[in-house]
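Here's a quick walk through a few spots in this protein. Have the sequence and the 3D view open as you read.

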Amino acid sequence: MDSRFWIKAWNDGRTNFHQEDYHDKLIEFFPQLHPRNGQRVLVPLCGKSKDLLWLHGLNLHVHGVELHDQAVESFFSENELSPVKTTQEEEFIDYTHENIVISCGNFFKLNKNDTYDFIYDRASLVALPSAMRGSYAQIIKQSLKKGGKCLLIVYEYDQSKLDGPPFSIDANEILELYEDQCAITLVESKKPTKEGSRLSSLDNLKQKIYVLEKTHE
Ligand SMILES: C[S@@+](CC[C@H](N)C(=O)[O-])C[C@H]1O[C@@H](n2cnc3c(N)ncnc32)[C@H](O)[C@@H]1O
């Protein structure tokens, strides 16, 4: 799933992953991470997710990163916001409205010196094939402050029954990707109540919610 796959998906309107409502598990679990006014949250591979607005409503500084300019522009226009556009280090164009910034560009080229109190990963790790997940997790770990937390939502299902994305990511892989720097807590494992049409045909689908806390550098 390289950049071309996602650019084509947006160009062809194949964006079933997008939810018109705030994600129920964000609303349920993010407050348990005890966010405080002015803290920073990174939303990797954010698409045009409404969840950015919900996080902004908690008085957080929200930083989304998204490849496709159509997704970024749609986020602002559909929510009737007028962002200011600036170019950042040639790799990214930043769209800023109050404390929401979406950097339009390749997540894998993100400035590695920026750190965050929180990361919200919904439909992001699972959007990537296994060969890309190690590098992705490195950036996630590097981007979290020590003591910072990541709310991570993944799916587990029989990968032989369906091609990703979204890919199935099991508990062993979460350990492999994150346990060197994070304490990992599984906070929920359930069949999701509403999912896109591709996943709804699966018998043993589970949606798993993890909290990763960065314990060491
Ligand atoms: C499955 S969608 C999920 C979007 C969002 N997290 C949501 O919940 O609606 C994955 C998104 O990642 C974006 N994407 C994929 N690869 C990327 C990359 N290397 N850098 C930035 N964005 C990327 C795609 O354009 C797509 O919008």
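Which elements cover the buried residues of helix 4? Keep in mind that this is a predicted model. The cover includes helix 1 (3–12) and helix 3 (51–56), along with strand 2 (61–66), strand 4 (92–97) and strand 5 (100–104). Helix 4 itself spans residues 69–78, and its buried residues include A71, V72, S74, F75 and F76. As a reminder, an α-helix has 3.6 residues a turn, so residues three or four places apart point the same way. After helix 4 comes E80, with a positive phi near 55 degrees.

Now for two single residues, side by side:

| Residue | Element | Relative accessibility |
|---|---|---|
| L177 | helix 6 (residues 171–178) | 10% |
| R122 | strand 6 (residues 116–122) | 15% |

Why does R122 count as buried? Its relative accessibility is 15%, and buried means under 20%. The R122 side chain reaches the backbone oxygen of F17 at 2.9 Å. F17 also turns up in the contact list for R122, together with Q19, H23, I153 and Y155, once neighbours within four places in sequence are left aside.

L177 counts as buried too, because its relative accessibility is 10% and the cut-off is under 20%. Not counting residues up to four places away in sequence, L177 touches L125, R133, G134, A137 and K141.

Technical notes. Residues numbered from 1 in each chain as written. Predicted model: local features only at pLDDT ≥ 70, side-chain atom pairs only at ≥ 80, totals over all residues. Heavy atoms only, no water. Helix = DSSP H or I, 4+ residues; strand = E, 2+ residues; numbered from the N terminus. Buried < 20%, exposed > 50% of the residue type's maximum accessible area, 1.4 Å probe, protein only. Contact = heavy atoms within 4.5 Å. Polar contact = N/O pair within 3.5 Å; in protein donor to acceptor, adjacent residues only side chain to side chain.
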